[in-house]
Amino acid sequence: MTLDETPWVGAVAIVNFDLELGQSIEHIEPPSFQLTDRERLNICYLAFPDSNSGCSGDTCYHFRVRKEYSILEKRDDRATEHHFYYGYVFFRQTKGEQFKRGYFQKSFVLLTRKPYVNLFHNIVQIVAPQFFDSGKVAIEVAMHNFGSWGAIEPGKSYQVPLLGQVLAFHIPSIKDKTVTSPKDFPTHALAPKPVILRSIVEHDVYNILSPLLPHLGLLWELVLLCEPIVVFGTSPKATSALVQALVSLIAPLRYANDYRPYFTIHDSEFQEFTSKTHAPSRVILGVTNPYFNKALQHWPNVIILDPDPEKPLKVLNPKEHSSSSLRGKPGFYTRHKSYLNRDKHLRKLLRGDRQRPKEVEDILIRRYLTDLTHSLMIPLEQHVSSLMPLQRSINPFRQPPLLQPFQHDAFINTLTETSTLKVNTELKGLKGNWRELYRKFLRSPNFELWFKNKRLEANQRLELLHIQQLCEADIYRWKQDKHEVQIVDMLLWIRDRYDALGALGQHPELENHLKNHIETLLGVVPVDLRSTLKPAFSL
């Protein structure tokens, strides 16, 4: 069994620390789950906090590690999610004289390709304690539960069993306007009350970003522009939470580059990320080992967390981070000069009612960030719309038109001082050098990924319009003065359009129209030719 064959969970690995052998995977469920030697080694090291982190008791965090790729494959930092494993870790460390070195250390690791961080953290906190109490039978039952959850369908709400509990959650889709909580579930008097997750992806961003909230706009720019960032913390729990929060700052825009919520000096990509022979990789790293303080001091954006998670972090000069006397001092070290001014609305939001529940604070911060990203993207959405060919230019008997190329300078020239913030009136006071921010954004992987998806979406829409026009065409009239060769060419063309329609979703009415066109054309060719063609056009 491989991850590709399981929609929710690929495998559960139990990683043990042995005084003589070090970290090793002592059990994996299912046993047939395949990992390369390098992948196993990376997962083993990522399954344990660094020895200097001082984690004791139970610690939960997650990591993201690259799937080993063939040397024939081109390396791409913007690789899609199927190139990565997500590992959700429940690490237990307890003292005991019966253990070598006086400690018991073992990790429960859930492996999947899905970045549903909040969902899988909840799953791990349900299954792992039962494993430590009851043994492998808890994993076997949980894997059976996962297999009963069905396919993953964006836009669908789920109510699923897990070790005697019920989880209720919603899988978001691009059509969702806001965060959707699961609701309207059937209830049963004997059924356990479901654990309802407001979001399967998001953590409590307000608490996680609390030390950095005054610098939220600056962080938003860094993530938007795919600038390299390293987060130093005392535990993988702290670094993984902050890295994941940073990646989510530009939602609903998808972060296009690589990020590692927890990264160790033993990782197979350590040399690449720490090399000083080239510019820092455009990646966001979370690290805990003090060695990184020296290895990554040339990075332009460094966040060193304070052991006190509520203590605010100041923006400091990166030169101070490179000074041996100040190395390790908590702070936000950056060379980035913000393109936008400090937002008065954000300052007002942060100075608001301190008696508000933290859940409300989290929603307000999320809404602010979403509005900010929407405000940035609206002019781009409008410009892409202007690149769409006119519908009257679509000829059903020729190739469908494509979206026109996106010219950076042409877009920049469309901007005016007031054109960037049209939707959210509370953001209209946010001033700054929007033009330069757009210029930099247009050269970033985040824009490339966004436009790649917009272009695909637009071209699919054009193709569907093209097929609709072909269906509405009067084929009976068209064939009146056509030669046999032209009719065969049209049959091939309609068959090509029929095949293309299959990639555009379910459109049974259009399929029937195309089938009727084929039947009409087959009816006018000579009988001997018809008998030859008919098997090839039986749809």
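Q: Buried means under 20% relative accessible area, exposed over 50%, and partly exposed in between (1.4 Å probe, protein chains only). Why is S248 called buried?
A: S248 has a relative accessible area of 16%. That value is under 20%, so S248 counts as buried. The model is predicted: local features need pLDDT of at least 70, side-chain atom pairs need pLDDT 80 or more, and totals for chains, interfaces and linings use all residues. Numbering starts from 1 along each chain as its sequence is written, and side-chain values use heavy atoms, without hydrogens or water.

Q: Where does S248 sit, and what does S248 touch?
A: S248 belongs to the loop between helix 6 (236-247) and strand 10 (259-260). Helices (H or I, at least four residues) and strands (E, at least two) are DSSP runs, numbered from the N terminus. Contact means heavy atoms within 4.5 Å. With residues up to four places away in sequence left out, S248 touches V205 and R366.

Q: What makes L253 buried?
A: Its relative accessibility is 8%, so L253 falls in the buried class. L253 also lies in the loop between helix 6 and strand 10. Beyond four places in sequence, its contacts are L224, T373, M377, F441, N446 and W450. L224 is 29 residues away along the chain, with a C-alpha separation of 8.8 Å.

Q: Why is V231 called buried?
A: V231 has a relative accessible area of 0%, so V231 is buried. This residue is part of strand 9 (residues 229-232). Sequence neighbours within four places aside, V231 contacts T239, L242, V243, L246, L285, G286, V287, I303 and L305. Between V231 and V287 there are 6.2 Å in space, C-alpha to C-alpha, and 56 residues in sequence.

Q: How do you know that L167 is buried?
A: The relative accessibility of L167 is 0%, which means that L167 counts as buried. Strand 7 (residues 165-170) holds L167. Its contacts outside four places in sequence include L119, I123, I126, W149 and V195. L119 is 48 residues from L167 in sequence, and their C-alpha atoms are 9.0 Å apart.

Q: What share of the chain is buried, and what is its secondary structure?
A: Of 539 residues, 49% are buried. The chain has 18 helices and 14 strands. Among contacts with a separation of 6 or more, 68% join residues 24 or more positions apart.

Q: Why are helix 16 and helix 17 called roughly antiparallel?
A: Helix 16 (residues 484-501) packs with helix 17 (residues 508-522) at about 165 degrees, and the axes are 10 Å apart. Axes are lines fitted to C-alpha atoms, for helices over the stretch in contact, with angles from 0 to 180 degrees between N-to-C directions. Under 35 degrees is roughly parallel, over 145 roughly antiparallel, 65 to 115 roughly perpendicular, and the rest oblique. The pair is therefore roughly antiparallel.

Q: Which residues join helix 16 to helix 17, and how do they divide by class?
A: I487, M490, L491, I494, R497, Y498 and L501 of helix 16 face L510, E511, L514, K515, H517, I518, L521 and L522 of helix 17. They divide into 11 nonpolar, one polar and three charged residues. Here Ala, Val, Leu, Ile, Met, Phe, Trp, Tyr, Cys and Pro are nonpolar, Asp, Glu, Lys and Arg are charged, and the others, Gly among them, are polar.

Q: What makes helix 11 roughly perpendicular to helix 13?
A: Helix 11 (residues 358-386) and helix 13 (residues 434-442) pack at about 80 degrees, with axes 12 Å apart. That angle makes the two helices roughly perpendicular. L372, S375, L376, M377, P379 and L380 of helix 11 meet W434, L437, Y438, F441 and L442 of helix 13. By class, this contact has 10 nonpolar, one polar and no charged residues.

Q: Why is helix 14 called oblique to helix 17?
A: The axes of helix 14 (residues 445-472) and helix 17 cross at roughly 45 degrees and come within 9 Å. That angle makes helix 14 oblique to helix 17. On helix 14 the contact uses L464, I467, Q468, L470 and C471; on helix 17 it uses L510, H513, L514 and H517. Six of these residues are nonpolar, three are polar and none is charged.

Q: How many disulfides does the whole structure hold?
A: The search finds zero. A disulfide needs a pair of cysteine sulfur atoms within 2.5 Å.

Q: Are C44 and C60 buried or exposed?
A: C44 has 7% relative accessibility, so C44 is buried. C60 has a relative accessible area of 17%, so C60 is buried.
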